[in-house]
Amino acid sequence: MMENERPLLVAENLTKWYGRQLGCRDISFDLYEGEVLAVVGESGSGKSTLLQLLSVQLEPSAGRVSYRMRDGITRDLATLSEAERRFLLRTDWGYVHQDPTLGLRMAVSAGANVGERLMAVGWRHYGRIRTTAIDWLDRVEIDSGRIDESPRSYSGGMRQRLQIARNLVTNPRLIFMDEPTGGLDVSVQARVLDLLRGIVAEFDLAAIIVTHDLAVARLLAHRTMVMKGGAVIETGLTDQVLDDPQEPYTQLLVSSILPP
Ligand SMILES: Nc1ncnc2c1ncn2[C@@H]1O[C@H](COP(=O)(O)OP(=O)(O)OP(=O)(O)O)[C@@H](O)[C@H]1O
Ligand SMILES: [Mg+2]
């Protein structure tokens with residue numbers, strides 16, 4: 001079988017209990033290279049819990065996540081060493097937080113925010129790091145004249161675009177995003193979404209995007225998974241799920257009767 005015919009990531013029966021509080025329950029799916037999956041559902045349905053389980057930031061109560069590493073070997077993520085886990089989080093994966101201050105270092109310059117990820121994968125040549133940082137600021141439409149400023153002086157939309165640049169500069173294969181446009185004004189959201197759409201297509205990135213905005217799913221995702229009460233209740237091609245929802249709950253969600 002061809003390498004890339006095997007899934008990049010496999011979730012099997014993922015379950016998380018926070019004490020007696022259910023986070024998510026019995027979630028299984030495959031994600032292939034270059035595939036974008038949206039996870040939608042109301043507040044408290046378990047979306048962020050799932051994303052944190054997938055990106056080994058939380059330990060599951062049951063079930064497992066397997067990931068095909070760059071060397072082609074699929075690993076159970078629970079068996080990774082701390083160094084391997086860090087490698088994934090630093091280079092092979094990106095993680096875009098809704099709140100950019102959680103994904104950026106606010107005390108250092110924008111350029112350093114991007115350069116730092118390169119240094120973490122062994123880049124040492126200052127000139128090359130800076131050129132690459134400028135290149136990425138350009139790509140996310142940040143004026144490179146502002147490279148030495150702290151992201152504190154950036155607007156919300158700029159911070160989010162900087163967070164995206166910081167995550168993508170190491171050429172990840174998979175990017176996790178938790179409400180990437182959730183904290184932004186509507187006018188700014190469109191620009192960030194447009195940018196994400198371009199980048200995901202250009203780099204053939206796999207992505208898992210948590211959102212309660214169905215328009216985000218529509219614009220970016222090949223497949224959409226609907227969660228409610230910690231469980232997946234419907235999943236399929238995005239157009240199918242949104243245009244012809246089978247579950248009553250999804251029908252309500254799509255007809256915008258439910259609050260976000
Ligand atoms: N650290 C925690 N301790 C206890 N319960 C938690 C914790 N984190 C999440 N939960 C609970 O797990 C359930 C799922 O929460 P989660 O944050 O995954 O939902 P969500 O879909 O991301 O919601 P939102 O759209 O509001 O971000 C909720 O009932 C929540 O209260
Ligand atoms: Mg959440």
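1. Which residues line the largest cavity? The lining consists of Trp136, Leu168, Asn171, Pro172, Phe203 and Leu205. By class these are five nonpolar, one polar and no charged residues, where Ala, Val, Leu, Ile, Met, Phe, Trp, Tyr, Cys and Pro count as nonpolar, Asp, Glu, Lys and Arg as charged, and the others, Gly among them, as polar.

2. On provenance: this is a predicted model, in which local features need pLDDT of at least 70 and side-chain atom pairs count only at pLDDT 80 or more, while totals for chains, interfaces and linings use all residues. Residues are numbered from 1 along each chain as its sequence is written, chains are lettered from A and ligands numbered from 1 in the order written, and side-chain values use heavy atoms, with hydrogens and water left out.

3. The chain has ten helices and ten strands, taken as DSSP runs numbered from the N terminus (helices H or I, at least four residues; strands E, at least two). Its C-alpha atoms fill a box of roughly 55 × 40 × 40 Å along the principal axes. The radius of gyration is 18 Å, which agrees with a compact globule because 260 residues would give a value near 18 Å; it is taken over C-alpha atoms, and the rule is 2.2 Å times the number of residues to the power 0.38.

4. Around ligand 1 (a heavy atom within 4 Å) stand Tyr18, Gln21, Leu22, Gly23, Glu42, Ser43, Gly44, Ser45, Gly46, Lys47, Ser48 and Thr49. They divide into two nonpolar, eight polar and two charged.

5. Oxygen atoms of ligand 1 have polar contacts (N or O pairs within 3.5 Å). A polar side-chain atom of Lys47 is at 2.8 Å, one of Ser48 at 2.9 Å, and a polar backbone atom of Gly46 at 3.0 Å. The protein covers 59% of the 630 Å² of accessible area that ligand 1 has on its own, by the Shrake-Rupley method with a 1.4 Å probe. Strand 2 (21–31) and helix 1 (47–54) each give two or more residues to this shell.

6. The largest pocket holds about 340 Å³ of space. A pocket is an open set of points on a 1 Å grid over the protein atoms alone, with protein on both sides within 12 Å along at least five of seven lines; lining residues have an atom within 4 Å of a point. Of its 14 lining residues, Leu89, Tyr95, Arg117, Arg166 and Asn167 lie nearest the centre. Helix 2 (82–92), helix 3 (100–103), helix 4 (110–120) and helix 6 (156–168) each give two or more residues to the lining.

Notes. Polar contact = N/O pair within 3.5 Å; in protein donor to acceptor, adjacent residues only side chain to side chain. 1 Å grid on protein atoms, 1.4 Å probe; cavity = no way out; pocket = protein on both sides within 12 Å on 5 of 7 lines; lining within 4 Å. Points joined across faces, edges and corners; volume = space filled by probe spheres on them.
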